[in-house]
Amino acid sequence: MLSNALAIGQRAVANAQVSINTTSNNIANAETPGYQRADAVYSSNDNITAYGNSIGTGADIVGIQANWDSFIEKQYLSASADLASSNALNKFLSQMDSLFNQSDGIGLAAAQDEFLSAWNDLATYPDSLAERQDLLGEAQSLIYSLNSTSSELKGMSDSVESEIIDQVNSANELIDSIGLLNKQIAASPENYELISNRDQAIRELDELVGVEVLTSSDGQTKIYTESGQPLVEGSETHKLAYSGAKSSESLQPTSNYDGELKFSGTSSEELMLEFETSGPDGAAQFKVSLDGGKTWEKDENGNTLLYTAGDADNSVTIAGVEISFSGGTTDHTEGDRYTITPKTGLYWRGDSGTLVNLTPMTDASGTDVANRVSSGSIAGLFKVRDDYIEPALSDLNDYTSAMVWEVNSVHSQGAGLEGHSAVEGSYGVTDQTAALNKSGLTYEDKIKSGEFTIYTYDSNGNPTSNSSISVDPATDSLDDIVASINSAFTGVLTASVNSDGEIEIQAGSGLSFEFGEDSSGFLAAAGINTFFEGSSAGDIKVNSYATENPSHINCGEVGTDGTVSSGSNDTAKTVNDLLSKEVSIGEKGAEQSSSLTEYLASLISEVGSAASTAETQVICDASAAQLYYDQQESVSGVNVDEELVNLTKYQQQYTAACQIISVTREMLDTILGIM
C-alpha cells in the first residue's frame, strides 16, 4: 500500500513538472504568430484491489494537446484570403485615384480643357504669334500630364508584376515547407509544435493564394487551390508557376484541322475563340469571349460578332491582339476552341509538367469566373493589373490616339501664317510599295478613298497652280502617292520617301505650297502638316515642325482660289469644337462614340469609383477576418493572466505531490524502525 502511495506521489511530481513546463512554454510563446496554446492531457490509471478494496493508482499525462478549432479556422482562412485580395486591390487603386486626382483645377481633364480652349483664343486672334506660343504652352502641359500618367501607370504595372513574382516564389516555398512538415508529423503525430508550425504556414499560404484544407486521419493535411488543384498531398507537392504569353487548343473529336493559330501583341484580356462554322482558312468563322466562354462579344446591334479565320495578310485584331491561322490544309470544325493568353499569368504545374491556367478572370459585371484563383493577395494583384491598371492605360492610349487623330485631321487641312517650302511626314511605313491600308502606318485604318489638294505659290506668294491627288488605300502605295505628286507638280514640287519610310515634299527654289481639303485622311495618317506626333499617352508630342516655327500652327484654311484670307480661323474653331464633338474612340470593331471630354471624365470617374469600392471592401473583409481570428484566439491563443493562474495551480500540485512522497517516506521509516 505504501509503495503504491509512493508511486502515486512520484507520478504526480512528474505530471506537475510536465504541466509547469507546458504552461511556461505557452507564456514564452504568447507573442509567437500562429502558436497554439497547449494543455497537458491527464488520464486516470487503473485501480488495484487491496484487502478487498479498490484503490486508485494515480494519473499519467498521456499527451500534450494543442487547442484548435478546425471549423473556425476554415472560416478564418476564407475571410483572410478575401482580405488579402482586397488589400492588394486597395493599395494600387488608391495610388491610381491619387494619380487621376482632379482637385483644384489640376489634372488631365483641366489640361485637356485648357488646350482645346486655347484654340478658341487663337481663333479670336488668328494672326497672333503670342496666341500660338500660349497654345504651345497649353499643349505641352497636356502632353506632360499624358506622358507622366502613362509612365506612372506603367511603373505601377511593373511593381505589380514584381510583387506577383515574389509572392509566387513565397507560395512555392510555403508549399514545400508544408509538405516537409506533413512528413515530420507523420513520423511524430503527437508533436504539437510541428502541427502549430504547419497551421501557421497554411495561414501564410492562404494569404497569398486562397486554399481549401482537408485533414486526414493520420494528421496530415491536403491543400487544394480554390478551383481544386492539389498543392500539398501528404509530403507530395505541386508548385505554382508564373508564365508568359501562350495559347492552347481544344478541338472537337471529329476535327482534323492541321494548321496553327498565331498571335502577336499584348492585352490584359484573355481571348477564347470558338468556331461557329466549319470550313477552311479564309471561310470558317469564329466568335470571341473575354470571360472564358461565359459571354460572347456583340456588335452595336447586340448580335454575336463573327470573325473569319485568315492568314497573316488577312489577320484580325481583337482587344489589341492580332490573330491569324497558318498552314491549314484541312477544315476547321464547328465547336473547335482556342484560348489565347497574351500576358503573363498564374498556372498550376501538374506531374507531367502541364500548366493549368489559374489566372484570375472576371466577367463584364466584375464577378469572378469559375475554375480560377479568386482570393489571396496574388489574385488581388492580378485583378488590379488586368481589370484596372492595364485597362486604364489602354483607355488613356485610346483617348490620346483619338485626340491626336482628330486634331491632326483638322490641322493637316489648314494653313498658318507662312507657306511651306518643305515638309516631312511624322509617321512612316514599313513597306512603301504595299497598299496604304497594309503599309504599317500607325493610322492606316483611318485612310479612306478620297483626295487631298495641294496649292503652289510663286516667290511673291501668289497662287500658281493646284491639283487634287487621289487616294485609294486598298490599291495605292506610298510610292504611288509620291509618283502622283511628282507627276502633278513637275518642276515645282519633288516628293520622295526617306529611309524611315516617311514622305517628304520639297518645293523648288523660292516657291511654296499649302494643303487644302483632304477627304481621304492621307495627310493626317502620314503626319503631313499636323500638330501632334505619336499616337499614345507615352509618346505624344507636338510636331517639331510647329515648335520650331509657330507660324506653321494652322488657324485658317486655303480658299478655293488658293488664297488664305487674313483673319481666317476655321481650323482653330473646328479644333476647339472637339470639346463637345462626338468622335470615334478605340480600336476598330470595339470603338465607341463619345466626345473627348466625356470619355476622359468617364475614365477618371471609373478609377475613383473603383478606389472607393475597394476601400469599403477592405473594411468589410477586415471585419469578417477579425471576427474569426478572435474566435480562434479565444480557443488557441495564449492569455498570460490565465497561464499565470495555471502556473500557480501546477506549482501547488507539485508541492502537494512532494508532500505525498515525504509523508510516505516517513511512514516507511517508522515501519522500518519498528522492525
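Where is the place of Thr362? Select Thr362 and you land in the loop between β19 (355-357) and α6 (377-411); helices are DSSP runs of H or I with at least four residues, strands are E runs of at least two, and both are numbered from the N terminus. Before going on: this is a predicted model, where local features need pLDDT of at least 70 and side-chain atom pairs count only at pLDDT 80 or more, while totals for chains, interfaces and linings use all residues. Residues are numbered from 1 along each chain as its sequence is written, and side-chain values use heavy atoms, with hydrogens and water left out.

Stay on Thr362: its relative accessibility is 17%, so it counts as buried (under 20% relative accessible area; exposed is over 50%, partly exposed in between, with a 1.4 Å probe and protein chains only). Now show Asp387: leaving aside residues up to four places away in sequence, Thr362 touches Asp387, and also Asp291, Thr367, Asp368 and Val369 (contact means heavy atoms within 4.5 Å).

Next, stay in the loop between β19 and α6 and pick Asn371. Its phi is near 70°, positive in a residue other than glycine, and at 56% relative accessible area Asn371 is exposed.

Last stop: Ala319, in the loop between β15 (316-318) and β16 (321-326). Ala319 is not a glycine, yet has a positive phi of about 55°. Buried or exposed, or partly exposed? With a relative accessible area of 24%, Ala319 is partly exposed.
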